[in-house]
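Please look at the sequence and the structure first.

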Amino acid sequence: MSGHSKWAGIKHKKAKVDAQRGRAFTKLIREITVAARVGGGDPTGNPRLRLAIEKAKAVNMPQDNIQRGILKGTGELPGVSYEEYVYEGYGPGGVAVLLEVLTDNKNRTAPEFRKVFSKYGGNLGESGCVAWLFEKKGLIQVETATVDEDRLLGVALEAGAEDVRRSDNTFEIITAPKDLERVKESLAKEKIEIADGEVTMLPQNTIRLEGKQAQQMLQLMEAFEEHDDVQHVYANFDIPEEIMAAVTG
């Protein structure tokens, strides 16, 4: 899972920079709108909406923007209708790539994604070609410098976490998707600071990349992250820390 974890850490650090350019706001507003449309506008009874609002607040999105997104989702304000799709493909070295997409024009997205894959040594695949390589899980990240490992282990497992792992400078707490909120609440009660926490798709195995393939893979990830229609991009690569740092700056 190390490639996934390192990329998640990079994304977290970039979030506020992205927000200044408006990209993070665009993606989060779409997620808030769709979450409200699917599960209702009350975050207390809609975990997906509650998580989207948390992420919006983390990048300092104004409350007015959040509220407008909710009202568009519930139909109380007019807005664009976004649909959810999953696209799958392969990156350099046969790395599995899974894209979760919100778009108002499916006819536009597939050709654009095919072009991005091709540019960085990959190809768009058929539905179902790589999804089986991933498992939906809750993933909470806590910086190692902020908490004692034994204490974190005790609190997380008592709250229902499946596993706690160490990866570089973070602890990763793995949960069933339905248990994510309960574990986060337990950590908060114990004053354990969470760096990030979301439902994600974890790869069940990884492919190690170096050299040109590593660089292409990171460029591919970056290109999809920057595409407005892509909400999440998952991949099962593992790139050594020093190469990751050199490429990402």
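**Charged pairs and aromatic rings**

Arginine 50 and glutamate 181 meet through their side chains in a salt bridge, at 3.5 Å from N to O. A salt bridge here is a side-chain nitrogen of Lys or Arg within 4 Å of a carboxyl oxygen of Asp or Glu. This pair links distant parts of the chain, 131 residues apart: arginine 50 lies in helix 3 (residues 47–58) and glutamate 181 in helix 7 (residues 180–189). Helices (H or I, at least four residues) and strands (E, at least two) are DSSP runs, numbered from the N terminus.

The model is predicted: local features need pLDDT of at least 70, side-chain atom pairs count only at pLDDT 80 or more, and totals for chains, interfaces and linings use all residues. Residues are numbered from 1 along each chain as its sequence is written, and side-chain values use heavy atoms, with hydrogens and water left out.

Buried means under 20% relative accessible area, exposed over 50%, and partly exposed in between (1.4 Å probe, protein chains only). Arginine 50 has 23% relative accessibility, so it counts as partly exposed, while glutamate 181, with 14%, is buried.

The structure holds 20 salt bridges. Another of them joins the side chains of aspartate 179 and arginine 182, at 3.2 Å from N to O. Aspartate 179 is buried, with a relative accessible area of 8%, whereas arginine 182 is partly exposed at 42%.

A salt bridge also forms between the side chains of arginine 208 and aspartate 238, at 4.0 Å from N to O. Here the partners sit in strand 8 (residues 207–208) for arginine 208 and strand 10 (residues 237–238) for aspartate 238, distant parts of the chain 30 residues apart. Arginine 208 counts as exposed because its relative accessibility is 52%; aspartate 238 is buried at 13%. Elsewhere, salt bridges that share partners join Arg30, Asp104, Arg108, Glu112 and Asp229 into one network.

What does a search of the whole structure find among aromatic rings? It finds 3 aromatic pairs. Phenylalanine 113 belongs to helix 5 (residues 106–119) and phenylalanine 224 to helix 8 (residues 211–225), 111 residues apart. Rings of Phe, Tyr and Trp (its six-membered ring) pair if their centres lie within 6.5 Å; planes under 30 degrees apart count as stacked, over 60 as edge-to-face and the rest as tilted. Phenylalanine 113 is buried, with 0% relative accessible area, and phenylalanine 224 is buried, with 0% as well. Tyr87, Phe113, Phe117 and Phe224 form one aromatic cluster.
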